[in-house]
Amino acid sequence: MDKFLFLFGEGIKNLWRHKLTVFTSVFSIFLVLVVVGVLFIAEQNTQKLIEYMRSKYKIEVFFVDSITDKQAEQIVLEIRKIPGVYSTTLITKDQALQIYQSQFNEDLLEFLDYNPLPSSCVVNITRKKDGLLHVKPIINKIQSMKGVDSVNHQGRLINRIEKFYEKGLLGLSIVAFAIMLVTVMIISNTIKLTIYSKKDLIQALKMIGATNSFIRMPFILEGIFQSVLGASLAAGLLYGAVFGVNVLLGQLTSFTLHVQWTFLGWLFLIAVVISLFGSSRAISRFVK
Amino acid sequence: MIKLENASYSFKKGFSLSNIDLTIDDGEFVFLIGPTGSGKTTMLRLIYMNILPDSGVVRVGKYSSNSIKKRKIPQLRRSIGMISQDYHLLADRNLFENVALPLHVIGYSKSDMGDLVIEMIEEVGLTGKENHLPDELSGGEQQRACLARALIKDPDIILADEPTGNLDPVTAFDLVKLLEKVNAEGTTVFMASHNYSLIKSRNHRIVEIHGGKLRS
Ligand SMILES: Nc1ncnc2c1ncn2[C@@H]1O[C@H](COP(=O)(O)OP(=O)(O)OP(=O)(O)O)[C@@H](O)[C@H]1O
Ligand SMILES: [Mg+2]
């Protein structure tokens, strides 16, 4: 136990002696973990975000003017059968007029002697994420139906957003991996510096008959301290950021991030693994 | 017991120790004398197995250079106290901490080591200087501090490499007397020096080395 306290103390002293380089290591760990954390959070919310976007997304189908309500109902039933369609709502000419009147507060029939609004149908698409959504075939099918006049949609937009999102996640993963490699180097350099500045101590310990693991332990602990420090900062930032983003989102939309905070444990694990890589790289070369 | 049997070692860059035969019995006090560059430090390095002989054998206690495993070398060194030319006190620790260092390695608890360290510091006559950093000690005091650090783990063997290096004759003499006191308590002492005048009056066995070879 006392032996461990001694080694622990040595590790802490090492940290204090090289504040600036230590800061660089801690900061790079922090950076890696923030990026990885964002990935975790994004991944956890992919499903929810896409469902949210799809629920907001709708296709408006306008029917030709000559159509009867019965015929319209018939077409709506067929639209309903198209795979990928979640729900349909028929708006008859009369309903359209009512909506118009309640929204604009004026009576169209006052200066027109007929109802100019076509009957239409609002189509919602499936919310469940199951690969990228392909709205194009749905739209084509609706457009080719008899009695359909025009279709309003933002088909490409949703597709683009989904693609962009997935590419973004991939890009972020690559970035995270790259920073991780750099961080291993930076940590290894920091430890190398400490080792170099403690050549006297290392030599003394060897003369006295300290085992290699005894000599190495403070350096390994130093690396772990750095990584735990970086991980704590990253965890704090992520927690605060999610909180802030949710306050903002809550004011604008009904979508908020939902995060399973247990992933922070993984962040700490990743941090420790990175630091072990870094310090063992330095140690294996300099403490033989 | 320290035993070198026909031990040879060559540095890649030229110098070599050749065919060294030497036996030092337990409890003996032996001087190793020779001019600078003759191989004294190299020979001591063979004994604490910092280097292993190219041919021949070095035996120290129950360890032998041709069978010792790398991870057993620390154990061998725990039974040896080193006072070396270039193994100084740690500049950023005070006298007490420097002397206590070997106890940390062996795994003493902090509460147990206090008395031992104080006692050891007293034995080498440095009581009252526990809080001094090495550069707040005189050269002679530093050497005695090194001796205290070597002695604290109660070693079977003391290897002293030029321990009187830059000390004035009186202080150097004091240090040798300290080593003799330790030797009288049963510790084997092997001390390298090129200061013949210091050694000749002391009535111990003298081994002479020249250009990497022993002379009798
Ligand atoms: N690592 C090394 N590589 C090559 N040559 C070395 C090495 N270490 C020492 N030597 C050479 O070996 C010879 C003996 O060195 P050593 O240190 O044993 O001498 P010494 O007797 O201790 O001298 P001094 O009294 O000055 O301490 C010297 O000529 C030195 O240059
Ligand atoms: Mg020498």
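A salt bridge here is a side-chain nitrogen of Lys or Arg within 4 Å of a carboxyl oxygen of Asp or Glu. Keep that in mind. The model is predicted.

So, to chain B. The side chains of Asp92(B) and Arg93(B) form a salt bridge, at 3.6 Å from N to O. Buried or exposed: which is Arg93(B)? Arg93(B) counts as buried, because its relative accessibility is 6% and the cut-off for buried is under 20%. Asp92(B) is partly exposed, at 45%.

Next pair. Arg202(B) and Glu180(B) meet in a salt bridge at 2.7 Å, N to O. They link distant parts of the chain, 22 residues apart. Arg202(B) sits in the loop between helix H7 and strand S9. Glu180(B) is in helix H6. Both residues are buried.

Over to chain A. Lys93(A) and Asp65(A) make a salt bridge of 2.8 Å, N to O. Asp65(A) is exposed, at 52% relative accessibility. How many salt bridges are there over all chains? The structure holds 6.

Now the surface. On chain A, Met1(A), Phe4(A), Leu5(A), Phe8(A) and Ile12(A) form a nonpolar patch, with about 520 Å² of accessible area together. Phe4(A) lies in helix H1, residues 2–17. Phe4(A) is partly exposed, at 41%.

Chain B has a patch of negative charge on the surface: Asp25(B), Asp26(B), Asp154(B), Asp156(B) and Glu185(B). Glu185(B) is in the loop between helix H6 and strand S8. With 57% relative accessible area, Glu185(B) is exposed.

How values were computed. Residues numbered from 1 in each chain as written. Chains lettered and ligands numbered in written order. Predicted model: local features only at pLDDT ≥ 70, side-chain atom pairs only at ≥ 80, totals over all residues. Heavy atoms only, no water. Patch = residues over 30% accessible without salt bridge, like charges linked within 9 Å, V, L, I, M, F, W, Y side chains within 5 Å. Areas by Shrake-Rupley, 256 points an atom, 1.4 Å probe, with all protein chains shown as cover. Helix = DSSP H or I, 4+ residues; strand = E, 2+ residues; numbered from the N terminus. Buried < 20%, exposed > 50% of the residue type's maximum accessible area, 1.4 Å probe, protein only. Lys, Arg positive; Asp, Glu negative; His and termini not counted. Charge placed at Lys NZ, Arg CZ, Asp CG, Glu CD.
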